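I opened my notebook for a first look at this structure. Here is what I looked up, entry by entry.

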Amino acid sequence: MNDAPLIRLHARDNVLIARRAIALGEALPGLAARARAQVPAGHKIAARAIAEGEAVLKYDTVIGFAARAVEAGEYLHTHNIRHEERHEGYAYEFGTDLKPVALLPQDQRAKFMGIVRADGRVATRNYIGLIASVNCSSTVIHKVAQWFTPERLAAYPNIDGVVAFAQTSGCGMSSPSEHFDVLRRTLAGYARHPNLGGVIVVGLGCERNQVPELMASQGLAEGLQLKSFVMQQTGGTRATIAAGIAAVEAMLPAANDIRREPVPASHLKIGLECGGSDGFSGISANPALGAAMDILVAHGGTAILSETPEIHGVEHLLTRRAVSEAVGRKLLDRLDWWKRYTDGHNGQFNGVVGPGNQAGGLANIVEKSLGSAMKAGTTPLRAVYEYAETITERGFVFMDSPGYDPVATTGQIASGANIICFTTGRGSMFGSKPAPTIKLASNTPMFERLGEDMDINCGQVIDGRLSIEQMGQAIFEHILRTASGEATCSEKLGLGDHEFVPWHLGIVS
C-alpha cells in the first residue's frame, strides 16, 4: 500500500498528482513548500515555481501553459492553465517511435472458449438480433424482442437473448449522403456480427433506407438465419410483430445448436472506450488497459482505439507509431475533417472538457486525450478506419468516431469488436449488446461505491498494490474469461438494450 500523498509521473514533470485530497497548508513531502489550496484527489499541484507562459508538463507532455506565475505547492487546474491549439504547419513525424511486436508462436498463444460459426467466424456471445431500418419500425422490433422472456427462452440455454437494435434515423435524411452511407454500414455491421446467431431486419416501406436496397448494397442475402419484413407489405404493426415472433421462433433451434470450444486469442477484437474520465484514468485504468492490449497484440489479437475528438492534442504521439506515412496521414485527415465539422460549435475541439472530467481533475482536452490514447498501449498503429468500417487488420488500429460513448461503441461493434473494454473514473453505467462491455474503474473509492457496475478495480495501481504490468495481465485474463462466457456486471444488470446509437452526421429534413 502506497500512502505517499503525491504521484510523480515523469522526472521532468512540473506537476504532481494528488493521490488523495490535500488540505490547505499541508506539508508536501519532497517539496520545500506547503499546499497553497485544498487539492482534490486526482488533481494537479505545482512541483515547483512555474513562470507565466511556461509549459505545464504531465508525463513529460505539454498539457497547456501557465496563465500566470504559479508557486510551488499551488493548485493547478482550469483557472490557471491556458489551452493552446497546435500551431499550423506543425511538422508531424511518421513511424519514428515504432516498437517491434514479438508475436508469440501459435502454440504459445492464449485461448478462450469461443463459438465457431459455420463460416469460421468466432463469437463471444450468441444472440438473435432484430434490426430496424428506420425509426418507424423500432416499436415493432422492441415488441418482438420483449415477447422472448427468459421463460420463453428456457428451452434454448445457449441463446443469450433476443435483442432489438432500434434507431432514430433511416428517413428524413439526405440520400445519397455520408450520413446515409454510415447508417447502412452500421446496420450491416451488426447484421454480419458473429455474436448474432440469427438476424431479422424490419422496415416500414416508404422510408429512404429501403430494406431491399439496404441488403443489396451491403451484400446481405436472406437465408435460414437472416430474414426481413416490410410493415406496409406484411400487414401493419400487429401482423409484423406476429411475423417477427414466428421468424425468431423458427431461428431458435439452429441458433441454439452451438457449443463453445478452445480458439486462439487472435480472434479477439477489443473496442477501447473511456467515459467519465478523471485525473486517475491516465495513471491507472488507461495505461493498464494499454498494457493488456500489448499482450493481446502479441497473441495476434486486435485493439481498436476510437473517439477522434479525444486524441485531439496528442495525435502527434500516434503518428510517430504509424507503420507508414499513409496511415499517419489518414489519421490527420480525420482530425482535419473534425475541425471543419465542429467549427463554430461548442465541443471538445475548443479544448473544454465536460463538467465530470473537470471535477475529476482534467483541465482540458489535451490532458484528457493524453490519458485516453494510453488505452491503445505501445504497439505500432497499423491502420485507420472509417466509422463502422469492417476491420480486417490485426494489431493496434484506429476507427474514427465521436467521443460520445454509445455512438463510439456502436461503431466499434459494427466494425467487428466482440468485446468492449470501458475505462471510467467518475463511474459509467454503460453496457452493450451483442458484444459485452467490461468496465474498468480508475480508483478504489469509486469502485467500492459503484461495485455493482464495475468489473475491474484499476485503482489498485494508485493504491500501490499492483504495477501497471500486473494490472494489464489481470485485465487480459479477465478478457479471456469474458470472451469464454463469464457475465460482466452490465450483463448481469441487463444493460445494452438501449445503447445502440448509430452516428447521425447529416441534416434532418
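This is a predicted model: local features need pLDDT of at least 70, side-chain atom pairs count only at pLDDT 80 or more; totals for chains, interfaces and linings use all residues.

**Entry 1: around Glu273**

I began with Glu273, which touches Glu307, Lys375, Gly403, Asp405, Ala408, Thr409, Gln412, Ile420, Cys421, Phe422 and Thr423, leaving out residues up to four places away in sequence; contact means heavy atoms within 4.5 Å. Residues are numbered from 1 along each chain as its sequence is written, and side-chain values use heavy atoms, with hydrogens and water left out.

I found Glu273 in strand 15 (residues 269-274); strands are DSSP runs of E with at least two residues, helices runs of H or I with at least four, numbered from the N terminus. Is Glu273 buried or exposed? Glu273 is buried, at a relative accessible area of 0% (buried is under 20%, exposed over 50%, partly exposed in between, with a 1.4 Å probe and protein chains only). I also noted that Glu273 and Gly403 are 130 residues apart along the chain, with 8.8 Å between their C-alpha atoms.

**Entry 2: a hairpin**

I saw strand 4 (residues 55-58) pair with strand 5 (residues 61-66) in the antiparallel sense over 4 bridges; pairing needs at least two DSSP bridges. Lys58 stands opposite Thr61 in strand 5. The hairpin has 2 residues between the strands, and Tyr59 takes a positive phi near 55° there.
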